[in-house]
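Please look through the sequence and the model shown here.

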Amino acid sequence: MLPLPALLALTTTVFLGCLTEVLPAGLLLGMSEDLGVSPSATGQLVTVYAITTALTAVPLTGATLRVPRKRLLLALIAGFLVTNLVIAVASSYPLILAARVVSGALTGVMWSLVAGYAMRLAPPGLTGRALAVAMSGTPIGFALGVPAGTALGELADWRWAFAAMALITVPLLVWVLVAVPAVLADPAGPTRPLAASRLPGMRPVLATVALFSLGHNVAYTYVGPVLAGLEAETLLGAALLVFGCAAVGGMAAVGSALDSRPRAVLLSCTVVTAAAIVLLGISDGVHGLVLAAAGLWGLGFGGAPTAFQAVTALLAGPTADAAQSLTIAAWNGAVAGGALIGGLLLPLGTGLLPWYAALVILSPLLFSPRVVLSAPADQCRTRR
């Protein structure tokens, strides 16, 4: 059986990290008005976060490999408590931006830590399901956390949304202390993440991660303008809700198949996501097709991050924690890159974005035969 109390504590940690990253997008107008900055400047709070995560995931993960895993997990959660509390009370945009930079650095280490932690806690043959449970915090954050935080910001004040996230960390710290078993630190040196990149099959996987995230974010960041170009802008809220709920279903589907066919799962997520974005592009604004595309998109996207991390761990074996930092860096670097490229393409016409995004997502299929899994699933749970 899966150690659900421990895994659900990791799920909540992931939920907190996801919500911390994306919540400013839902509170953009209120934050802009209160802080006296433009909406675009407020939007940079998300971009800077993603860039920081991409730049710091590898070096900080390498530097913390010798720290006991449970102690590191508690330190990261405490860091989210402090940074979100600072944002909740700060009146200075530069101070909030600095807190976002710190949060981004914490998140890069958190993603690398949680994936390996969950897989090591699982019984043999259930590592994929354990990872899916832990990482389900991401689609739940998109489906429920962001709308709830946005509603709280609209009903009360945007600062209360960040204060609520800070308050979540207090019982979470107690939960981790009580329910999550300790795991030994990695005795390896800080160069392990770079060494992991030279493992057989690792670079094609990292390229797949980067291109998937890049294509997804080209379309997702500008889904509002895309829908407006289809004369379906009134469906934005409903489409995002359908996307988020379907993403939870996609995560559940991936969890049941990862242990037996991880590469097939990864490729399925890629194809389904690209097909959904194409369906959106050709929907001509028909409401049923738009919502169907959003659901299919969420289904494909929901399981993708977990599939990428599982395949990375399978390839890396005992160096899984170090290798995860490479996946996180590739993913988050592409988040910022997707937003940038989509913005450059937008003046050329919103109809171009879905086709470009789908082409980028599908391009890894050209080298997918090189993605060879070289480690058994239960090897990744070796305790260190």
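**Starting at Arg159**

Arg159 is in contact with Asp34, Leu35, Ile87, Ala88, Val89, Ala90 and Ser91, leaving aside its neighbours within four places in sequence. Contact here means heavy atoms within 4.5 Å. The model is predicted: local features need pLDDT of at least 70, side-chain atom pairs count only at pLDDT 80 or more, and totals for chains, interfaces and linings use all residues. Residues are numbered from 1 along each chain as its sequence is written, and side-chain values use heavy atoms, with hydrogens and water left out.

Where does Arg159 sit? Its place is in helix α8, residues 158-179. Helices (H or I, at least four residues) and strands (E, at least two) are DSSP runs, numbered from the N terminus. Is Arg159 buried or exposed? Arg159 counts as buried, because its relative accessibility is 18%. The cut-offs are these: buried is under 20% relative accessible area, exposed is over 50%, and partly exposed is in between, with a 1.4 Å probe and protein chains only. Now compare sequence with space. Arg159 and Leu85 are 74 residues apart in sequence, and their C-alpha atoms are 9.0 Å apart.

Two packed helices are described by the angle between their axes and the distance between the axes. Axes are lines fitted to C-alpha atoms, for helices over the stretch in contact, and angles run from 0 to 180 degrees between N-to-C directions. The axes of helix α2 (residues 28-35) and α8 come within 9 Å and cross at roughly 110°. Therefore α2 and α8 are roughly perpendicular to each other. Angles under 35 degrees count as roughly parallel, over 145 as roughly antiparallel, 65 to 115 as roughly perpendicular and the rest as oblique. Gly30, Met31, Asp34 and Leu35 of α2 make the contact with Trp158, Arg159 and Phe162 of α8. By class, these residues are four nonpolar, one polar and two charged. Ala, Val, Leu, Ile, Met, Phe, Trp, Tyr, Cys and Pro count as nonpolar, Asp, Glu, Lys and Arg as charged, and the others, Gly among them, as polar.

Next comes helix α1. The axes of α1 (residues 4-26) and α5 (residues 93-121) come within 10 Å and cross at roughly 155°. That angle makes α1 roughly antiparallel to α5. The crossing of α1 and α5 is left-handed. A crossing is left-handed if the near helix is turned anticlockwise from the far one by less than a right angle, and right-handed if clockwise. Among the α1 residues in this contact are Leu10, Gly17 and Thr20, and α5 brings residues including Arg100, Ser103 and Trp111. By class, the contact of α1 with α5 has 11 nonpolar, four polar and two charged residues.

Residues of α1 including Phe15 and Cys18 meet residues of α7, among them Phe142 and Gly145. The contact of α1 with α7 has nine nonpolar, eight polar and no charged residues.

Look again at Thr20 in helix α1. Thr20 counts as buried, because its relative accessibility is 0%. Not counting residues up to four places away in sequence, Thr20 touches Tyr49, Phe80, Asn84, Arg100, Ser103 and Met165.

Two loops come next. Most residues other than glycine have a negative phi. Phi of Glu231 is near 60°, a positive value in a residue other than glycine. Glu231 is found in the loop between α11 (223-229) and α12 (236-257). Glu231 is exposed, because its relative accessible area is 71%. Asp284 has a positive phi of about 60° and is not a glycine. Its loop lies between α13 (262-282) and α14 (287-316). At a relative accessible area of 64%, Asp284 is exposed.

Last, confidence. pLDDT is the predictor's confidence in each residue, from 0 to 100. The mean pLDDT of the protein is 84, and 91% of its residues reach 70 or more. Confidence is lowest in helix α9 (residues 192-196), at a mean of 66, and highest in helix α4 (residues 69-89), at 96. Over residues 372-384 the pLDDT is below 50.
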